[in-house]
Amino acid sequence: MPGKSVKAAVAAVLAAAALAGCGGSPKVGTAALVGDDRITVTTLSQTVRDWRVQFRSDPAANELRANPANPAPQVAGDSESDLQGALTLLINFRVADQVARRAGVEVTGGQVDGALQALDHQGGAQSITLASGLPRAHSRDLARLVATQLAVMQRFGADLNNRLNPATEQAGRQWNELFQRTAAGMHIKVNPRYGHYDPAKFEVAPIVYRLSSPDSGI
């Protein structure tokens, strides 16, 4: 439908313009901007290529990815493609660091080591990282994200030894809310070829183009 094609093209141009640098010219090869931090298309593509090779050769990662009880963190998202899934985590690593700062929490190397050991006990940190959609080289980044979530939840009063404690459940909700608010305020811009970042869902999702809505009367 001609109208739909034109609207999609205009939306893509506008989204690409949002990735422009201070001088007004687009930064070629940008996959996403997270505040002042740039994730390049080259980095994203190589990350996914590495992941695919490693994932195919790791039976444990394949089993974890197919398991609904996968211990990978919720902020890994549930994106529709490998590129969106990897970009989701690369963005969320950066958001989590900002969440910690906003909560007044400093995540130590020892805490990251502890989270890495916990992931090892739950199925292997490297296999869990692969099941989440990133190559093994990002295992420590994933562990840092886990350590950050635990530290922030503790700051909010969570009892990490009792997941059913109302205080722990409340702290989990506070973590989610702070993560969403932080992400929304970081002006995250995603190259439209990958979609858009949705803070409410912690993920990069496809762009949906609609010409009209029955309820809008357009």
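Mentor: One definition before we start: axes are lines fitted to C-alpha atoms, for helices over the stretch in contact, and angles run from 0 to 180 degrees between N-to-C directions. Helices (H or I, at least four residues) and strands (E, at least two) are DSSP runs, numbered from the N terminus. This is a predicted model, where local features need pLDDT of at least 70, side-chain atom pairs count only at pLDDT 80 or more, and totals for chains, interfaces and linings use all residues. Residues are numbered from 1 along each chain as its sequence is written, and side-chain values use heavy atoms, with hydrogens and water left out.

Trainee: Okay. How many helices and strands does the protein chain have?
Mentor: Eight helices and five strands. Along the sequence the pattern reads α-β-β-α-α-α-α-α-α-α-β-β-β.

Trainee: In what order do the three strands of the open sheet come?
Mentor: The order is 2-1-3, with antiparallel pairing. Two strands pair if DSSP finds at least two bridges between them.

Trainee: And which strands stand at the edges?
Mentor: Strand 2 (37-40) and strand 3 (189-190). Each has a single partner strand, so one side of each is left without a neighbour in the sheet. Strand 1 (residues 30-34) pairs with strand 2 over four bridges. There, V34 stands opposite D37.

Trainee: What lies across strand 1 and strand 2?
Mentor: Helix 2 (residues 41-56) does, at about 55 degrees to strand 2.

Trainee: Switching to helix pairs. At what angle do helix 5 and helix 7 cross?
Mentor: The axes of helix 5 (residues 109-121) and helix 7 (residues 139-155) cross at roughly 105 degrees and come within 8 Å.

Trainee: Now the inside. How many residues are in the largest nonpolar core?
Mentor: It has 48 residues. Such a core is a set of buried Ala, Val, Leu, Ile, Met, Phe, Trp, Tyr and Cys residues joined through side-chain atoms within 4.5 Å. Buried means under 20% relative accessible area, exposed over 50%, partly exposed in between (1.4 Å probe, protein chains only). L87, I91, I188, V190 and Y197 have the most contacts inside the core.

Trainee: Which helix gives the largest share?
Mentor: Helix 4, with 10 residues.

Trainee: And what does Y197 touch?
Mentor: Its partners include I91, F179, I188, V190 and F202, not counting residues up to four places away in sequence.

Trainee: Helix 6 next. How many of its residues are buried?
Mentor: Seven of its eight. The cover over them includes helix 2, helix 3 (59-66), helix 4, helix 5 and helix 7.

Trainee: Back to F202. What is its phi?
Mentor: About 60 degrees, positive although F202 is not a glycine. Most residues other than glycine have a negative phi. H187 is another non-glycine with a positive phi, near 55 degrees.

Technical notes. Contact = heavy atoms within 4.5 Å.
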